[in-house]
Amino acid sequence: MGTAAAPRRFCRCACFCSENLYVARYGLHVRFRSEQQLRQDYGPILRSRGCVSPKDFQQLLGELEKEVERRQRLGQESAARKALIASSYHPARPDVYSSLQVPGRGQVTGRRRRHPGLRAVCPMACVLCPQHVALAPEFLAAAEYSTSPGADLQGLLQRLETVSEEKRIYRLPVFTASFCQALLEELDHFEQSDMPKGRPNTMNNYGVLLHELGLDEPLVTPLRERFLQPLMALLYPEYRGWLDSHRAFVVKYAPGQDRELGCHYDNAELTLNVALGKAFTGGALYFGDLFQAPSALANPLEVEHVVGQGILHRGGQLHGARPLGTGERWNLVVWLRASAVRNRLCPMCCRKPDLVDDEGFGDGFTREEPATVDVCALT
C-alpha cells in the first residue's frame, strides 16, 4: 500500500510585516522598516495629508509598530482562535456548513446527472442537493459550460455580464437569496457570540475570517476547486490550472463601524466579491487600472452591488468602496491565489518572495513548484 502524500505547506512572504501597512487616517499604504526610512520615504506626502506636528508623527510611529507586532503574531493567534471556535462554538445554521457537500449514497433517487465540476452525481430536480440550494442557477450553468467540450471565452461571456471588457471585470449571480439569508443569520449569530474574532484584513475592522469559523473546507475550497477554477480558466487563461489556494473573509460596513474602503489592490491573482446583503444604500465599488500603470486611478469605473451577485476581477486592479449611505452591507470576498505565479514575484513587495512558513494557506506561496491542474479533468 502506498503512502499518502504529505499536505503541501504554504508560506507567506517576509514583506508582510513591513510592506503595505495601511494608515487609514492618512489614506496611505506605507513600507515601514525604521523611523528614519519612514521620514525619508513618506515625509512630504504625510505632511500634505495632515501629519504635521511631532506629536502626529510619533502617534503614527506607534500605530505602525503596533501593526507590525500584530502581523508577527497573526498566524499563531489565528490558529488558536480557530481551535477554540471549533471546540466551543455552536452554529445557528448548521446547514451552511454543508452547503457544497456532495450528497452521499442513498440520499437521492430518480433521474440523475453529473454536476459540473463534481465526480458525484445529483438529481435533475436537485431538491435535496445542497449545492443547488446554495448556488444560483446562472452560476451553475456558467460552471457547467466551462467544463464542457469546446467551451471558449465567447461562449462563457454569453452566460455572464461583462462589466468592463478593457479592465476584464465580470459579474454573475453566485448565491441564491435563501443561502445569502442563511449565511447572514450565521454571521450575525457568530458576531453576537463571545467567541474571539480576528480582523478580516489590514483595512477592514469588522467582519469574519471564514477559515477561523470553519467554513473553508465545506464551502470555500469546493467553491474554488469545483466551480471557480474552470470558470476562471476561460476568463483569465493566464492562471489556468494554477489557482491552488485562497483567503476568504466577510466584510461588514455599518454606521459607527467601517463605512468605506480606501483605494488598494488585493494580495491575490484574482478576486471574487459577492454582495450578501443586508438592506443598504451607497457603498459602490470603484475600479481603476492595474496598480503598476501610471495614473492608475484616473477616471474610475463605479459598479453597484447586487445582492447574491459576484464581481470577478484581477487582484492587481486598483479599487475601493464608496461611503455607505444607509443600512448594513456584508460582502463575501475570496482572494484566489496561484503559487506558481507568486512564487516568482510577490505581488505586495514586487520582489522574489522571502518565504516564511505559515498556518493554513498562508499567503499562497510554496517552497516547491505545484503541478498544473487540468480543469477539464475536474468534471
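Q: So two strands pair if DSSP finds at least two bridges between them; what counts as a strand or a helix in the first place?
A: Both are DSSP runs, numbered from the N terminus: helices are H or I runs of at least four residues, and strands are E runs of at least two.

Q: OK, and what kind of model is this?
A: It's a predicted model, where local features need pLDDT of at least 70, side-chain atom pairs count only at pLDDT 80 or more, and totals for chains, interfaces and linings use all residues. Residues are numbered from 1 along each chain as its sequence is written, and side-chain values use heavy atoms, with hydrogens and water left out.

Q: How many helices and strands does the protein have?
A: Nine helices and 20 strands.

Q: How many bridges join S1 to S19?
A: Three, with S1 covering residues 10-13. In that pair, Cys11 sits opposite Asp357 of S19.

Q: Now the sheet of seven strands. What's its order?
A: S6-S7-S15-S11-S18-S9-S8, an open sheet with antiparallel pairing. The edges are S6 (161-164) and S8 (207-209), each pairing on one side only. Ignoring direction, neighbouring strands are turned by 20° against each other on average, where axes are lines fitted to C-alpha atoms (for helices over the stretch in contact) and angles run from 0 to 180 degrees between N-to-C directions.

Q: Which helix packs on that sheet and touches S8?
A: H6 (residues 177-192), which also touches S9 (245-253), S11 and S18; touching, or contact, means heavy atoms within 4.5 Å. The direction of H6 makes about 85° with that of S11.

Q: And what does H8 lie across?
A: H8 (residues 216-235) lies across S7, S9, S11, S15 (309-314) and S18, at about 105° to S9.

Q: Back to the strands. How many bridges does the S9 and S18 pair have?
A: Nine, in the antiparallel sense.

Q: How many of S9's residues are buried?
A: Nine of its nine, with buried meaning under 20% relative accessible area, exposed over 50% and partly exposed in between (1.4 Å probe, protein chains only). Ser245, Arg247, Phe249, Val251 and Tyr253 point one way, and His246, Ala248, Val250 and Lys252 point the other.

Q: What about the protein as a whole, how many residues count as buried?
A: 52% of the 379 residues do. The protein exposes about 17,500 Å², of which carbon and sulfur atoms supply 52%; the areas come from the Shrake-Rupley method with a 1.4 Å probe, and for residues only the protein chains shown count as cover.

Q: Which residues touch the most other members in the largest nonpolar core?
A: Phe139, Phe175 and Leu276, in a core of 56 residues. A nonpolar core is a set of buried Ala, Val, Leu, Ile, Met, Phe, Trp, Tyr and Cys residues joined through side-chain atoms within 4.5 Å. H8 gives the most to this core, with nine residues.

Q: Switching to Asn204: buried or exposed?
A: Buried, at 3% relative accessibility, in the loop between H6 and S8. Its side chain makes a polar contact of 3.0 Å with that of Tyr253. A polar contact is a pair of N or O atoms within 3.5 Å; within protein, one must be able to donate a hydrogen and the other to accept it, and residues adjacent in sequence count only if both atoms are side-chain atoms.

Q: Last one, Arg171. What does its side chain reach?
A: The backbone oxygen of Glu304, at 2.7 Å. Arg171 is found in S7 (residues 169-173) and is buried, with a relative accessible area of 12%. Beyond its neighbours within four places in sequence, Arg171 has contacts including Leu160, Glu161, Val306 and Ile311.

Terms used. Two strands pair if DSSP finds at least two bridges between them.
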